[in-house]
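Please read it alongside the model.

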Amino acid sequence: MIYISSSCVKFDTISESIRYLAENGFRNIELSGGTNYYEQLSDDLIKLKTQYDLSFTIHNYFPPPPKHFVLNLSSSDEEIYALSFEHYKKAINLAKQLDIEKIGIHAGFLFDPKVKELGKDISLHELIDRENGLDRFCNAYNSLIQEVDEIQIYIENNVVSNKNFNTYRGNPFLLTNFEDYLELRERINFPLILDVGHLKVSSNTLKLDFSQELSKFLQHTDYLHLSENDGLTDSNDPLLRNDMLKTILDSGINNKTITLEIYDDIKKIKASYELLN
């Protein structure tokens, strides 16, 4: 099943994004960040799902909150921690309304970035103790899975850029490489979303062999986020016919959920989609 992230197109409301993607032939859409809150959001999603015969998944920063903030289930700030937990509870409730089977959340951060810093170089913030951050994240995850019935809550790997690594003189993110994955699996049992673009940048920053990291991760996931980049910035570029794509295709994708996160024009999104078929 190949999904297109709603973040691939830029509209103010999720209903505009979905209508545009649906009218361009896409029927599987991952609901993600980039749009604004409005009261009729869930009603619109229900109507659009029926109108276009759509299948949805939910990813991290969705549904959009009335006031933007940075999700972080590892936060030591009680307000951010509570807001993050309540956000995911709302995502679970929306998933139940829309018959969604999979929700993706990001692993935690060991600091609390500002909204304006997301996707950019992050300034220095006070670090959360790693063990405490892991405990808070795992406790929140275990509480969230008590809220679901047949819905699976996937955890996605974070990206650490060279600039952010140098700013913090180390890695301030959880789950950025395969060793981190094994560390988290010792604490909680969870399905994994492997964001390959995140992994490419993180591997370069941490001086790990990207091909080896990718091959190890592919044995432990049935859900991929795909885009390309230069290994320095998570730029969400179109896919290329290269070794990375060959490794993914050779691993077998028929039984995997795949989301394209291509931040480009619709023709290039469609071209990336065709590379997977």
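Helices (H or I, at least four residues) and strands (E, at least two) are DSSP runs, numbered from the N terminus. The model is a predicted one. The points below are grouped by topic.

**Loops and backbone**
- Most residues other than glycine have a negative phi, and most peptide bonds are trans.
- Asn 236 sits in the loop between strand 7 and helix 9; its phi is positive, about 55 degrees, although it is not a glycine.
- With a relative accessible area of 5%, Asn 236 is buried.
- Asp 99, in the loop between helix 3 and strand 4 (102–106), is not a glycine but also has a positive phi of about 55 degrees.
- Asp 99 counts as exposed, at 63% relative accessibility.
- Phe 62 and Pro 63 are joined by a cis peptide bond, with omega about 0 degrees; Pro 63 is in the loop between strand 3 (55–59) and helix 3.

**Helix 8**
- Phe 210, Glu 213, Leu 214, Phe 217 and Leu 218 are buried in helix 8 (residues 210–218).
- These residues lie on the same side of helix 8, because they cover an arc of only 125 degrees around the axis.
- Their cover includes helix 6 (178–185), strand 6 (192–195), helix 7 (196–205), strand 7 (223–226) and helix 9 (243–251).
- At the start of helix 8, the backbone nitrogen of Ser 211 has a side-chain oxygen of Asp 209 within 3.0 Å.

**Helices 3 and 4**
- Helix 3 (residues 78–97) packs against helix 4 (residues 130–144) at an angle of about 30 degrees, with the axes 11 Å apart.
- Angles under 35 degrees count as roughly parallel, so helix 3 and helix 4 are roughly parallel to each other.
- Their crossing is right-handed.
- Residues that meet there include Tyr 81 and Phe 85 in helix 3, and Arg 136 and Leu 144 in helix 4.

Notes. Residues are numbered from 1 along each chain as its sequence is written. This is a predicted model: local features need pLDDT of at least 70, side-chain atom pairs count only at pLDDT 80 or more; totals for chains, interfaces and linings use all residues. Side-chain values use heavy atoms; hydrogens and water are left out. Buried means under 20% relative accessible area, exposed over 50%, partly exposed in between (1.4 Å probe, protein chains only). The arc is that of the directions from the helix axis to the C-beta atoms. Contact means heavy atoms within 4.5 Å. A polar contact is a pair of N or O atoms within 3.5 Å; within protein, one must be able to donate a hydrogen and the other to accept it, and residues adjacent in sequence count only if both atoms are side-chain atoms. Axes are lines fitted to C-alpha atoms, for helices over the stretch in contact, and angles run from 0 to 180 degrees between N-to-C directions. Angles under 35 degrees count as roughly parallel, over 145 as roughly antiparallel, 65 to 115 as roughly perpendicular and the rest as oblique. A crossing is left-handed if the near helix is turned anticlockwise from the far one by less than a right angle, and right-handed if clockwise.
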